[in-house]
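Student: I would like to learn how to read a few structural features, one after another. Could we take them slowly, with the general idea placed before each case?

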Amino acid sequence: MKIQSLPAEEVLKHLVVPEDGLHQKAAERRLSEFGPNEIKEVKKKSLLKKLTEQFTHFLAILLWVGAFFSFLSEYLHPGEGMLTLGFAIVGVIFINAGFTFIQEHRAEKALAALRKMLPASVRVLRGGEEREVLSADIVPGDIIFISEGDRVPADARIIQASGIMMNNAPLTGESEPVPRTSGSFEGEFIESPNIAFAGTTVISGSAKAVVFATGMSTEFGRIAHLTGAVEPGLSPLQKEIIKVTRIVAAIATLMGVFFFALGFFIGRSFWENFIFAVGIIVANVPEGLLPTVTLSLAMGSQRMAKRRALIKTLTSVETLGSVSVICTDKTGTLTQNKMEVKRVWTASPPRHPLIKEGSVGNSSHDMLMKISQLCNNAKSVDGKYTGDPTEIALLKKAVETTGELKAERISEIPFDSERKRMTTINKVISAGAEGLSTLNSQLLTSSFTAFTKGAFETVLPLCSNVLMNGIVAPLDDAMRREISGAHDTMTGKGLRVLAFAYKEIEESYKLKVKSEKLELESDLTFVGLIGLEDPPRPEVPEAIKKCREAGIRIIMFTGDNSRTAEAIAREIGLVKEAPVIVEGRDFIRMTDRELRGALDNKEVIFSRMSPKHKMRVVSILKGEGERVAVTGDGVNDAPALKMADIGIAMGLSGTDVAKEAADMILLDDNFATIVNAIEEGRAVYENIRKFVSYIFSSNIPEIIPYLAYAIFRIPLPLTIMQILAVDLGTDMLPALALGAEKPSPGVMKRPPRGPKERLLNFPTLSRAYLFLGPIEAAAGLFGFFYVLNSGGWKWGEALASDNTLYMQATTACLTAIVISQAGNIFACRSMRESAFSIGFFTNRLIFIGMAVELILQLFIVYHPWGNAVFGTHPIGFRIWFMLAIFGISLFAAEELRKYFVRRYSVV
Amino acid sequence: MYKRILSAVNEFLNSEVAAKYAIHLAKECGAKLYLCFIADNSLSKESFNRAEESLKRLFIQAERLGIEAETITETGDPLKRIREIVIKEKVDIVFAATRRKDIERRFYEGTLSRSLMLKLPCSVAIVRVAHIGKLHPKKILVPMRTGAGTIDEKAFFAARLAGAFGSKVFPFHSPKSITGASRRGLLKTAIKGSPVEDVLRETPCDLIIFKPRT
């Protein structure tokens, strides 16, 4: 049974509904059978489960084990500071969990936005009585009444219609009102004119309908299900962070176990080995990495907001930087969505293909303007125009040319996307501007005139005559060819072309029956063509050029025809060669393999498309390994927006549902903003790599002292608390400052990073571990031994942990690392470019970060609290000056390395 | 393969809709159709009458389609009686509808639908009706798993159903956890949950849980 193909009188029978509606008990039974009419959440991970996962991933488990052993060793062997360490590790776990949770969690509001589109209550016929019930209590079989302004509560089959027009935009994306009928329909369910879909709105008229689907079974519920069910998955950055933490955790564990065993082998005690192993693990794990990543993403999202891109999920900041394909709408995103009349064509001798607008005295032109004005639903109130952008453009042009006409609209055959035309019957009452032709004066006295406008291919076939300079002549083949030629010329220039015609009629048609409509729209007199342009946004060609240089592909989606789409694409530089153009009707018939083949082409345009097709394209592109950004503004864009790596909603014209489903909102609806956001996103990734390099550099000077301690039996040069002082204290703010670096000059001149490209790759690791790290380690050990030597220490002499000389020596080691990192912060500002070429003072946060770092170190060294917590002791300032040489040396060494890299193009 | 099809009907609308799947399959296979209503002893007169009216409508529809149909109305234990009828009449496949409380209950165990699946000596198709206006599927998604011994009958069933409605069939390779999960025990269901329950609750289209004859 297809509900749409049943005659209206059979619908009630098939749904087992009496003529006077369901009785209350029957309604209650059906409510228990089918459930309430509501949009439900798809089952997902609970908040608690998401939060718990932050404490149970690999790195967290490693740290829990470390904390456990610290507490255990404090219990069994107190006085080694292991209790403080244990609490510190637990603190690290909580900090990391909190920051990761903030990054990943976003309250799902898309479904709440969808729910708002359903009405709260609805009029139903129950047991012969018409009454108001809650929308949630509507059941299959309920007879409902809908009229102007009502939202439809559930999918319903119309059984009586009275001039009802509906806005089906939530489902189809088309805002043009569509007529609904009660007659049977043999076509597709979604295209059926006898179905009122849940979530749509009645624009005018009224109807009686029988509900057949409620809640999640409706088409609206299907969109909600798709929107709610799509799990975004981990972002590329999240996957990288997980990889990094696993690599680091593995290295840390291996080193800890290895040196634990080595310690036994060389005869050290269990506790010495244990402390050493825990220290190695803590030294290796970059405890500050996750908080720094989160804060850097937050800063990146703030910068994007200043560039008119509002980021909703933090990880999207970086995901933008990896985008390889942008699937973008044309109207409103690439163009200004401000239609303008650009060309007018009439068949009037002398025959010019394109006449100047506004030439008075040409009767065909005047008639064209009259039809534009009267066959039009846009309105002008106090000089402000409202309505469809195309109709506003036509109305403006007509009023400017011929002045305002007063006409009584008798009836209308409204526009619909199938017929692609509209017809009005008007009785013109008064003229506007002077100089109207005789023909128009005649029309003023005539009873009624039918005016038709619409797509060229649907209007011309209805015409049997043509208006040529006041004369109605038969429309012969030669003239048809000439009109077609003019149409092709205009569409070739990227214009949206409408055709206009009219017919004088003796009396008004009631237009209640189909035959009347058919008769009215026949034997029309063709008047002319108007070409409209939605001009591209001025910034778009430059933005597209930038994308091309950055290796990002752009795929355009439009409802326009292929010629217009291609012309616009050429105008903005989107296509240069022969693009592959896929039209909506071909798209539906294509298999996935054929579609993949089409998408393999460099230049692809999708024309005559509707929003529901986008999800399929996004899905295929993602399957091919592309990182996809997609734009959307309608309710039915929501699933595609959720599925894409970056869903981008329009801030000005977008629906609440689209905005909630998206990861980013364009505050100005401008395509160029997407490109700016991508640039920022790439910069964020670069910056994350910079501070990863920075943070990892301090690992080596934290590990080497332990190795020296284990191998050479010297006092431990750096305690675990001092390691944490660096990782969670002094390193944090400078690392964050690196996150605020501006995009490097070449950031949009490289292709997007490939899926195999790692955040922590060999060049980054080797730079940190094999170059910068050893310099810092040397600085640390120098400071340590210098102080010991100055205090009269002899090699092999054991020192207690609370010995003043020992504490001063460790303080010197710590200070050396911090000062080296201060030099490293300038070195890490760029991977290849000299620090002087990028502008020393372009990032003030660096200086603030460095200042805070040094102030913190001063606190650790000289304040009693710092001394108590970190086991430090004040040292002389001359030691600072000595150690400063290492900071400067590190910076100089790194400048030299970059010089050789640039010179010999070594990565 | 299916020469005798039985559809269990009760007082609820979705069982009538589910029976329409049986009617179309019977038409496609040229099978005899048994429309069977077993009234529980505690059933009210009103519910009894409703079920009988459903039977009548279904019988008329079957006759119009040229299907040999028989209605059976009895009182007693539905599972026991249906089982007896299946054995006596050598029924090949039984259709039954789920009820809302079957879906809402935490454990799929203990419902009539599950009992029918486990205890009847024939194939069983349990229908979850999501959309009473679209009893004419255009697309049928069929999860398949390699190594499953009853793939022939599953394929036959899907093919016949597709033939009855002119639908396209989309087989897909299903993870282990979906197919065969209806046999999961109570303890395992309690610990690991039941994918059958999840599918019953979440799928936004009509669903048939098909258990081929073993």
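Student: What is the handedness of the crossing of H19(A) and H26(A)?

Tutor: As a general idea, two packed helices are described by the angle between their axes and the distance between the axes. In this predicted model, the crossing of H19(A) and H26(A) is left-handed. The axes of helix H19 (residues 540-549) of chain A and helix H26 (residues 671-697) of chain A come within 8 Å, and they cross at roughly 35°.

Student: Which residues of H19(A) meet which residues of H26(A)?

Tutor: On the side of H19(A), the residues are Val540(A), Ala543(A), Ile544(A), Lys546(A) and Cys547(A), and in H26(A) they meet Phe671(A), Ala672(A), Val675(A), Asn676(A) and Glu679(A). Sorted by class, this contact of H19(A) with H26(A) has seven nonpolar, one polar and two charged residues.

Student: Turning to sheets, in what order do the eight strands of the open sheet in chain A stand?

Tutor: The order is S8-S25-S24-S23-S9-S20-S22-S21 (chain A), and the pairing in this open sheet is mixed. Strand S8 (309-311) and strand S21 (580-583) of chain A each have a single partner strand, so they stand at the edges, with one side of each left without a neighbour in the sheet. On average, and with direction ignored, neighbouring strands of this sheet are turned by 20° against each other.

Student: In which sense, parallel or antiparallel, do S8(A) and S25(A) pair?

Tutor: S8(A) and strand S25 (residues 664-666) of chain A pair in the antiparallel sense, over three bridges. Leu310(A) stands opposite Ile665(A) in S25(A).

Student: Which strands does helix H23 of chain A lie across?

Tutor: Helix H23 (residues 614-623) of chain A lies across strand S9 (325-329), strand S20 (553-557), strand S22 (604-607) and strand S23 (628-632) of chain A, and it runs at about 170° to S23(A).

Student: How many aromatic pairs does the structure hold over all chains, and how is one of them read?

Tutor: In general, a pair of aromatic rings is described by the distance of the centres and the angle of the planes. The structure holds 29 aromatic pairs over all chains. For Phe189(A) and Phe212(A), the ring centres are 5.9 Å apart and the planes stand at 75°, so this pair is edge-to-face. The pair links distant parts of the chain, 23 residues apart, with Phe189(A) in the loop between strand S5 (178-179) and strand S6 (195-196) of chain A and Phe212(A) in strand S7 (residues 201-213) of chain A. Both Phe189(A) and Phe212(A) are buried.

Student: What are the distance and the angle for Tyr862(A) and Phe877(A)?

Tutor: Tyr862(A) and Phe877(A) form a stacked pair, with 5.4 Å from centre to centre and 25° between the planes. Tyr862(A) lies in helix H32 (residues 844-862) of chain A and Phe877(A) in helix H34 (residues 877-904) of chain A, so the pair ties together parts that are 15 residues apart in sequence. Tyr862(A) has 27% relative accessibility and therefore counts as partly exposed.

Student: Finally, what is the phi of Asp523(A), and where does this residue lie?

Tutor: Asp523(A) has a positive phi of about 55°, although it is not a glycine. Asp523(A) lies in the loop between helix H18 (514-520) and strand S19 (524-533) of chain A, and at 51% relative accessibility Asp523(A) counts as exposed.

Notes
Residues numbered from 1 in each chain as written. Chains lettered and ligands numbered in written order. Predicted model: local features only at pLDDT ≥ 70, side-chain atom pairs only at ≥ 80, totals over all residues. Heavy atoms only, no water. Axes fitted to C-alpha atoms, helices over the stretch in contact; angles between N-to-C directions. Helix = DSSP H or I, 4+ residues; strand = E, 2+ residues; numbered from the N terminus. Left-handed = near helix turned anticlockwise from the far one by under 90°. Contact = heavy atoms within 4.5 Å. Nonpolar A, V, L, I, M, F, W, Y, C, P; charged D, E, K, R; others polar. Pairing = 2+ DSSP bridges. Phe/Tyr/Trp six-rings, centres within 6.5 Å; stacked < 30°, edge-to-face > 60°. Buried < 20%, exposed > 50% of the residue type's maximum accessible area, 1.4 Å probe, protein only.
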